[in-house]
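Thank you all for coming this morning.

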Amino acid sequence: MYTLYVVATPIGNLEDITYRAVRILQEVSLILAEDTRHSRLLMEHYEIRTPMESYHDFNKEEVTPKYVEYLKTQGDIAIVSDAGTPGIADPAFNLVRECVREGIAVRSIPGACAMINALVSSGLPTDRFRFENFSPKKSAQRLHLLEKLKSSADSTLIFYASPHNLVKFIDEIRQVFGEIPIALMRELTKKFEEHLVETPTKLLEHYKNREPKGEYVLLFHPQGKGGL
């Protein structure tokens, strides 16, 4: 059998990739990418000519058996996400799980991860943290989740946040937790990287005349620890 490599790629700045990651991407027989058009920019930058195919949320169930068989009989595969570490809020988990079940070796090639980048620069407690992925789309569901977390969570909470419901989500955090510090990170590692650590009221004031743009990492501690 061959090996599945879970390869972390940059979350913005193309320099944030390891020598080992580049070598693995050059040496494997096949690369699986969420969006081949997006990943091709990285491959071209580092002159990586390895064949590449799509592996995403809409085809993962159908094609996973094919790639498990490939790993058993044909060669090594590297899987990459659009940005950061595969398997964190993306479909790579499905292939990794099946490989583990089938006894196929899985090796993680470490590198950038947006939630870790945000956590260590937030000033919030890092000894215990909990990743909650994207918040629910509906306000009632978000409020229900926040109330549940208020009674059960005792660690720094990390969310990926869409610009479409960011302002509402901040206001809902204020409703449930009050004026606790919230860390809000945007465009991590890029030229216009933005770090905001403020109370909900000040963040809402900040976005009163600004439209949120891009993907955000939002962090807070339910007991209001750290931050300001």
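What you see is a predicted model, in which local features need pLDDT of at least 70 and side-chain atom pairs count only at pLDDT 80 or more, while totals for chains, interfaces and linings use all residues. Residues are numbered from 1 along each chain as its sequence is written, and side-chain values use heavy atoms, with hydrogens and water left out.

The largest pocket holds about 930 Å³ of space; a pocket here is an open set of points on a 1 Å grid over the protein atoms alone, where a 1.4 Å probe fits, with protein on both sides within 12 Å along at least five of seven lines, and lining residues have an atom within 4 Å of a point. Of its 33 lining residues, those closest to the centre are I11, D82, A83, G84 and E215. Because domain 1 (1-107) and domain 2 (112-218) both contribute to this lining, the pocket lies between them; the domain bounds come from an automatic or database assignment.

Turning to salt bridges, meaning a side-chain nitrogen of Lys or Arg within 4 Å of a carboxyl oxygen of Asp or Glu, a search of the whole structure finds 14. One of them joins R128 to D154, whose closest N and O atoms are 3.0 Å apart, and this pair links distant parts of the chain, 26 residues apart. Another joins D171 and R174, with 2.7 Å between the closest N and O atoms.

Definitions and conventions:
Points joined across faces, edges and corners; volume = space filled by probe spheres on them. Helix = DSSP H or I, 4+ residues; strand = E, 2+ residues; numbered from the N terminus.
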